Amino acid sequence: MSTATEQLIRDYLNRLSVAARGQLTADDRRALVSRTREFIDQRAGFPRRLTTVEVGQLLRGLGDPAGLVRQERDRLAAVRGGSPADSAPPVQPGRGWVGRA
């Protein structure tokens, strides 16, 4: 993976981590960032390595990091017995939500 591509990914994950501060516990934040990194790595490296432009498109497809954090917070509330308003089903990968805890 090129330096520019890696920097795009690091920047996105940093924005995700910053957006999660105060919204998720430290453990939940780390888990979300880790799952997101795994998802990106899987998509960016298989079956062929993506170009920097393609990785940028992949990251845009994941959506705004603040939106991912809201979805993760709602998903965790539902899993942990939150209110019905917080129990929206998770969005599938490629549509803004990454993996499951």
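Analyst: Arginine 37 and aspartate 41 are four residues apart in helix α2, so about one helical turn separates them; helices are DSSP runs of H or I with at least four residues, strands are runs of E with at least two, and both are numbered from the N terminus. This is a predicted model, in which local features need pLDDT of at least 70, side-chain atom pairs count only at pLDDT 80 or more, and totals for chains, interfaces and linings use all residues. Residues are numbered from 1 along each chain as its sequence is written, and side-chain values use heavy atoms, leaving out hydrogens and water.

User: What N to O distance is found in the salt bridge of arginine 37 and aspartate 41?

Analyst: A salt bridge is a side-chain nitrogen of Lys or Arg within 4 Å of a carboxyl oxygen of Asp or Glu. The side chains of arginine 37 and aspartate 41 meet in this way, N to O, at 2.9 Å.

User: Is aspartate 28 buried or exposed?

Analyst: Buried means under 20% relative accessible area, exposed over 50%, and partly exposed in between (1.4 Å probe, protein chains only). Aspartate 28 has a relative accessibility of 12%, so this residue counts as buried.

User: Which residue forms a salt bridge with aspartate 28?

Analyst: The closest N and O atoms of the pair are 2.8 Å apart. Aspartate 28 lies in helix α2 and its partner in the segment after α4, so the pair ties together parts 52 residues apart in sequence. The partner is arginine 80.
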